[in-house]
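I shall go through one protein chain, beginning with a single residue and then widening the view.

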Amino acid sequence: MTPRIDIDRLSAEIDSLALLSETPPPAVTRLVFSKEDQAARKMLGALFEKAGLEIRVDAVGNTFARWNGSDPARKPIATGSHIDAIPNAGKYDGVLGVLGALEAIRALQSSGFQPQAPIEIILFTSEEPTRFGLGCLGSRLMGSRLSPERAAELRDHDGKSLDELRAAAGFGSEPLASVAIPQGNYAAFVELHIEQGPILERENLDIGIVEKIAAPAALRVRFEGDGGHAGAVLMPDRRDASLGAAETALAVEHLVKSLGSSDGVGTTGIFKIKPGAINSVPFEATLEIDIRDTDHSARQAVEESLRSEIREICKRRHLLHEITTINSDPPAICAPALVEAAESSAREAGFTHRRMVSRAYHDSLFMALIAPIVMVFIPCRNGWSHRPDEFSSPSQIAKGVEVLARTLARLAS
Ligand SMILES: [Zn+2]
């Protein structure tokens with residue numbers, strides 16, 4: 001069986017979806033529950049229906065489109081990704097995993113393949129943290145990694161709660177607790193995604209098969225010192241909060257380098273100082289720190305040492321501090337049997353491939369809590385993502401969709 005991918009149809013659908021954006025092309029901006037997101041959901045719903053898929057939507061807007069199998073006893077094989085996009089992003093991140101999954105199913109249908117197990121596309125709500133400050137909202141709730149009580153309290157920048165916004169979007173009739181899916185519900189989850197890194201392109205390969213997904217721990221650290229006039233407060237008397245923060249940012253770098261695994265990375269991407277005037281000693285500083293690794297214990301070692309180093313810095317500089325964990329998720333290991341299934345599919349299709357690590361996290365990270373998972377990557381130009389010039393060629397996309405189709409067929413047979 002050779003699934004024949006209609007790349008023109010898929011490319012046209014990717015282009016149409018990209019036009020449902022708050023920013024003009026080529027930029028794509030699609031905030032979850034915005035009118036553009038709603039329009040995109042409507043477009044996908046119509047395409048799912050046209051392909052004869054059975055649709056269900058849960059209380060947070062996660063959408064399930066199922067191709068029924070011939071054996072009712074078999075657990076479904078799931079695939080999918082997200083369609084929300086950060087401000088000024090591109091058109092492939094997430095979307096490829098949803099529209100690509102639909103094309104994979106259509107290709108299998110037209111090849112005459114009949115699945116024994118159901119194949120189900122999942123469109124996850126709010127993978128990007130843009131609106132609620134927390135990534136993978138839909139899959140996190142599905143995997144019971146976020147309690148419904150905490151989720152209900154999440155608010156966007158305008159102070160609107162998730163509860164209010166999901167109701168306005170038409171998903172409010174059931175409680176958030178109903179989103180959770182028990183472990184063992186799915187036989188497998190396979191996510192197709194652009195690599196968002198440079199490795200496949202650099203090595204001139206068609207397909208990446210993910211073995212591990214690195215996961216972030218995100219911390220917010222607030223330092224409190226004493227302000228004053230930059231000319232008048234003498235150096236021995238200072239309690240400069242920004243210097244405690246600066247030393248902490250350097251500590252993140254040296255601790256990740258010394259204690260993290262070779263996949264370990266640490267970034268201090270937010271640095272806010274008050275009052276923020278050139279002639280005033282900073283009395284408050286806030287950092288947000290992102291530490292990632294594929295090795296959970298190495299990441300924990302970095303975090304623990306960082307906490308003790310912050311205590312030591314603050315003691316020496318006479319500062320107060322407060323550390324908030326924004327999130328801390330365990331990395332995921334892909335199921336060896338699924339890695340092999342995807343690899344055999346790539347080999348069978350005659351595509352070049354390698355195993356790799358996903359350094360960005362995805363809905364798969366949370367699906368791993370309830371199902372065996374694997375991810376299939378395709379190259380993207382210069383490894384660029386989350387920017388308007390994000391690009392994968394039609395032939396690169398067609399190969400990824402073919403590997404997905406072959407893998408789904410293998411698993412659903
Ligand atoms: Zn994504």
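Predicted model: local features only at pLDDT ≥ 70, side-chain atom pairs only at ≥ 80, totals over all residues.

At His386 the backbone angle phi is near 60°, a positive value in a residue that is not glycine.

Asn204 gives us a second example. Its phi is near 55°, again positive in a residue other than glycine. You will find Asn204 in the loop between α7 (199–202) and β8 (207–213). Asn204 counts as exposed because it has 8 C-beta neighbours inside 10 Å.

Two peptide bonds also deserve attention. The bond from Pro25 to Pro26 is cis, with omega near 5°. Pro26 belongs to the loop between α1 (7–18) and β1 (28–30). Another cis bond joins Lys274 to Pro275, where omega is about 0°. Pro275 is in the loop that runs between β10 (265–274) and β11 (284–293).

Now to the helices. Helix α8 covers residues 241–259, 19 residues in total. From the first C-alpha to the last, α8 reaches 26 Å, close to the 27 Å expected at 1.5 Å a residue. Which residues of α8 are buried? Among them are Ala241, Ala245, Thr248, Val252, Leu255 and Leu259. An α-helix has 3.6 residues a turn, so residues three or four places apart point the same way. As for what covers the buried residues of α8, the cover includes β9 (215–224), β10, β11 and α9 (296–317).

Helix α9 also holds Arg307. With 14 other C-beta atoms within 10 Å, Arg307 is partly exposed. Arg307 and Ile323 are 16 residues apart in sequence, and their C-alpha atoms are 8.2 Å apart in space.

Let us step back to the domains. The domain assignment gives domain 1 as 7–214 + 331–412 and domain 2 as 215–328. Taken over C-alpha atoms, the centres of domain 1 and domain 2 are 35 Å apart. How many residues does each domain bring to the contact? Domain 1 supplies nine residues and domain 2 supplies eight. On the domain 1 side, the residues that touch domain 2 are eight nonpolar and one charged, with no polar residue.

Finally, the chain as a whole. The protein has twelve helices and 15 strands. Its C-alpha atoms fill a box of roughly 80 × 45 × 40 Å along the principal axes. How does the radius of gyration bear on this, and what would a compact globule have? For 413 residues, a compact globule would have a radius of gyration near 22 Å, and the protein has 23 Å, which agrees. Buried residues make up 49% of the 413 residues. Of the contacts between residues at least 6 apart in sequence, 79% join residues at least 24 apart.

Thank you for your attention.

Methods. Residues numbered from 1 in each chain as written. Domains from an automatic or database assignment. Contact = placed C-beta atoms within 7 Å. Nonpolar A, V, L, I, M, F, W, Y, C, P; charged D, E, K, R; others polar. Helix = DSSP H or I, 4+ residues; strand = E, 2+ residues; numbered from the N terminus. Buried ≥ 20, exposed ≤ 12 C-beta atoms within 10 Å, placed from the backbone. Rg over C-alpha atoms; globule rule 2.2 N^0.38 Å. Expected span 1.5 Å × (residues − 1).
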